[in-house]
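I opened this model to look up two annotated positions, the overall build of one chain and the way its copies are related. My notes are below the display.

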There are 6 protein chains.
Amino acid sequence: MIHILLLFVLLSSISHASVNDFCVADLKAPDTPSGYHCKSPTTVTADDFVFHGFVAGNTTNTFNAALTSAFVTDFPGINGLGISAARLDIAQGGSIPMHTHPAATELLIMVKGEITAGFLTPTSVYSKKLKQGDLFVFPQGQLHFQVNSGKGQATAFLAFSSSNPGAQLLDLLLFGNNLSSDLIAQTTFLDVAQVKKIKARFGGRG
Amino acid sequence: MIHILLLFVLLSSISHASVNDFCVADLKAPDTPSGYHCKSPTTVTADDFVFHGFVAGNTTNTFNAALTSAFVTDFPGINGLGISAARLDIAQGGSIPMHTHPAATELLIMVKGEITAGFLTPTSVYSKKLKQGDLFVFPQGQLHFQVNSGKGQATAFLAFSSSNPGAQLLDLLLFGNNLSSDLIAQTTFLDVAQVKKIKARFGGRG
Amino acid sequence: MIHILLLFVLLSSISHASVNDFCVADLKAPDTPSGYHCKSPTTVTADDFVFHGFVAGNTTNTFNAALTSAFVTDFPGINGLGISAARLDIAQGGSIPMHTHPAATELLIMVKGEITAGFLTPTSVYSKKLKQGDLFVFPQGQLHFQVNSGKGQATAFLAFSSSNPGAQLLDLLLFGNNLSSDLIAQTTFLDVAQVKKIKARFGGRG
Amino acid sequence: MIHILLLFVLLSSISHASVNDFCVADLKAPDTPSGYHCKSPTTVTADDFVFHGFVAGNTTNTFNAALTSAFVTDFPGINGLGISAARLDIAQGGSIPMHTHPAATELLIMVKGEITAGFLTPTSVYSKKLKQGDLFVFPQGQLHFQVNSGKGQATAFLAFSSSNPGAQLLDLLLFGNNLSSDLIAQTTFLDVAQVKKIKARFGGRG
Amino acid sequence: MIHILLLFVLLSSISHASVNDFCVADLKAPDTPSGYHCKSPTTVTADDFVFHGFVAGNTTNTFNAALTSAFVTDFPGINGLGISAARLDIAQGGSIPMHTHPAATELLIMVKGEITAGFLTPTSVYSKKLKQGDLFVFPQGQLHFQVNSGKGQATAFLAFSSSNPGAQLLDLLLFGNNLSSDLIAQTTFLDVAQVKKIKARFGGRG
Amino acid sequence: MIHILLLFVLLSSISHASVNDFCVADLKAPDTPSGYHCKSPTTVTADDFVFHGFVAGNTTNTFNAALTSAFVTDFPGINGLGISAARLDIAQGGSIPMHTHPAATELLIMVKGEITAGFLTPTSVYSKKLKQGDLFVFPQGQLHFQVNSGKGQATAFLAFSSSNPGAQLLDLLLFGNNLSSDLIAQTTFLDVAQVKKIKARFGGRG
């Protein structure tokens, strides 16, 4: 015989704490250094743990490339869990130019086509041609790039060791804001004329 | 002579930061991935750091066992400190059936009686008979059990490496909700009849 | 003019520390709680950051499924970086049965076919049918499953928030080792006959 | 029918990584900031996860108290798991004098007798009389004490949020080594005569 | 030609996540175990990342010393970043008496004069005379002191491995609050008369 | 009377664990993801916790700047403690050009002269002129610069939230190794001629 009532004494003593096994983001509440506030567990549904939309991105842009992100602001179920993902599409001849993720390692999984990927250190370049079925890892905070080095479209999935990895394109950092061209030249050894030329492309002023 | 006033210039520059040496949970505020909001330090009292009630639990239930928890939701002073505790009572013949704590290691301290405890890996069972004065550790996330293998009541204290360790009883996970019996059978290799029989015990539907 | 010699005084003071931006595993040395020893930076090459072999796995087995892992023991470049990956192939009618990763969150990226995936808590089932382009997250340590619920082969990529996530199949934990059938029955509420039947399938003794 | 051979293809791809779900200390190898090297998984047995000896300590000493520790150096199975324990016995009139654990929160579980426990901040004392069934938490790094404030022996179990919490008795720090008495007096505002008197008790020189 | 519009499709998919590369404290909102809530990124300015005021402190107090802190409550830009700083001025003959930072390692950078600094363990004193250009590290939670052992003012900068390291002066802990003199004597082995004498200096009652 | 012998029973049970309050690096042993192996505690001396040599660096180089580092490889006492430091000297007109620390936040403490410091995000520049007594924080992984914007030498101390923060100068990453000029041009939008011109300065080939 089952003592349902007495069973529930035990169960309730056990289960009330289990709500914290996950913390679905309440994106309307403020962020904290460890992530967003948790939604009330009673309002969490299976939909919070699903993200739709890793379809082919539109690569008709200056990079001939598209990045579709599933970061915590897109996908509240990953809040606080230290992981996120993105889909990368690069048209023939295109590239994701030099960039960093300040607080995340990136793992690239090749799905289609050929990408030459690499990261840079002061003493070495670690770079490889990747084909379907290959993985490449870009350790946290390293400057890296992905170039379509094959024929036709290339597609890859990216996983990050943070639920909000950021993505800082070097060109946008240097040439997309209002840092003065002289200061950029001084701190990069680029010619001022070169700086101004690229600023025109990325919307930088000053 | 003591320059009390000047002393306080130094003291106030030092002491204002010390409030963060602890963060007593404000359980009415939202949770975050790192724990609950901190109560205002001015409202914290010694009572926040005490928990009463590790008395013998009522073991008259289907498991012949009782778990009394002192997790953060019971004991706000442990918020953010990565530790919590519970008291375990198992009547003769009873057990805490197979379960996991998804985000915590468990340390068991035997106080009375005899418990056979163990955890399971794909290749081995690590199991021991424990008597008064013995400790056993269940590494984080491992499936484990505790059985009263002696005569009379057994009592133990449990410590966890998380302020909110959760506790997921395998039977409740598999047989206490509305996951379809066919799907359970497919993903456990149990017979459907067996699944339905245990569902009747733990309140599962479908 | 460039003072190459003096430049190198600065560069060497800066660059000697950069070797720690990654720590490629020396898999022949002992492991530690934070991961394997680092290979000497002078022996690291681009090949350490590449993994080959996410090809279709052989699904002719009892699960009609295959998991190809790129964990730290397969892919030394991810050592210490808190991320890893796997490829999942499930033939029509197959499944990855109930399992946990004790110390890692899992992110599933659907590539082909249809998978019904979910995880279980004591009070709810969070489950969805996933198609190409969908993602699903299984929070750390939760019991979960993946079933091919469509027609034809299904393929997904998995990312984990640990470089060595483990993978514990419930059937192997319960029925693949020498834990006594009586103890299993007592701690799962399964019938002994059922336990022995599944043990025969998974090689368990006792 | 069971395809044992094909099954093992899947199992071996899955199970090789699971060895890292724990890391039993090899106490003969060097320590690292994250803990000791892991013993080879093939040499791990259930005994590694058990500690014997939480028996009543000998309280016939200057403190009339005994602390029996189960830290990683006593209990290799807890290596890297962020938890440890101790048993505390205090004879009537005895105490564990002022001390800190530099890198661990302490949770005290009262088993017998009465202990007055507390910790000190620059602005407050958080102190309580504890009886059987009470818990008290000493947040990480706080100066704290435990005094037997009842009749007869008092016993408690302690859990720590570190596998190697240390234990620094203030008297030993100040009066048990060779720090000069003048310097101690200057940096504590104690009288030199008082310093020398206590040094005689704790073996300090200088 | 630049496809500005299409470029922005890519840019917006990339840049929306970058707001989390920092989390400037909203000091009016509640604290959490991981730090304060983040200010809205749109209200963050360069001023949030600057702290003014590491000028010479007023050392006319009982310690002949001054500590000027740049902790998170003084400097919101460091919220969640695990670092903070302070300026230390000690007049000739003065000292920062014995104290701990419960949750932070301290690094001392000598700028002017001579300081004898050290920390204490139960078995050793690690102490050195420091001059301009020397560094000293006090590991987390260790009891330590700094004495001006030279002629004239001494100045140092301190860095801490926490954005809110606290600072607990032993004299304030023991003699600045209302812990009873008898209990202090019992748990420190100090004479009651000595306790009362120092309490008079630091404002303690009881 | 003091029961020295019995006292030592207690002391030895307490003090053996305290060796782990620090972990001085054995720089001859391999590194791990959490840092270097710990030196045997019996060989640790006060000298392990001191670093000498924050003297004015030689700024006669291409940057007119010098960085003197006290990272773990220079200063073994900080191993595993999450903190390190450096001294920065910039001659008039000089600068530390654009660079990142992939795994560390940097805190700058101005000592002398004037430095304009800032970091870049895709949407903003956070930059300030700093004078003696000012602090500036560069959050982890952000691209940043320091320019002597005043008259005469400028000096600052830097603290990092890692014991081995690395330092990656953008010019060295892009122009100091053998990454092909065409690939650099493609992934930075710089002109090939500009790339080759700066490569000549920093020793790059290809």
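These entries follow the order in which I looked things up.

**Ground rules.** I am working on a predicted model, where local features need pLDDT of at least 70, side-chain atom pairs count only at pLDDT 80 or more, and totals for chains, interfaces and linings use all residues. Residues are numbered from 1 along each chain as its sequence is written, chains are lettered from A and ligands numbered from 1 in the order in which they are written, and side-chain values use heavy atoms, with hydrogens and water left out.

**Chain A overall.** I found four helices and 13 strands in chain A; helices are DSSP runs of H or I of at least four residues, strands are runs of E of at least two, and both are numbered from the N terminus. The C-alpha box is roughly 85 × 40 × 35 Å along the principal axes. Buried residues (under 20% relative accessible area, 1.4 Å probe, protein chains only) make up 67% of the chain.

**Annotated site.** Where does UniProt place the feature "binding site"? I read A:H101 and A:E106 from the unreviewed entry; such annotations may be inferred rather than shown by experiment.

**A:H101.** I located A:H101 in the loop between β6 (95-100) and β7 (106-112). A:H101 is buried, at 4% relative accessible area. Beyond four places in sequence, its contacts (heavy atoms within 4.5 Å) include A:E106, A:H144 and A:F160. Its side chain also makes a polar contact of 3.5 Å with that of A:H99; the term needs an N or O pair within 3.5 Å, one able to donate a hydrogen and the other to accept it.

**A:E106.** I found A:E106 in strand β7. A:E106 is buried too, at 1%. Among its contacts beyond four places are A:H99, A:H101 and A:H144. The side chains of A:E106 and A:H144 are joined by a polar contact of 2.9 Å.

**Copies.** I laid chain C on chain A: RMSD 0.0 Å, a turn of 180° and a shift of 0.0 Å along the axis. That is the relation of a two-fold axis. The superposition is by least squares on C-alpha atoms of residues with pLDDT of at least 70 in both copies. The copies meet through the same surface, because 100% of the interface residues of chain C are also interface residues in chain A.

Definitions and conventions
Buried means under 20% relative accessible area, exposed over 50%, partly exposed in between (1.4 Å probe, protein chains only).
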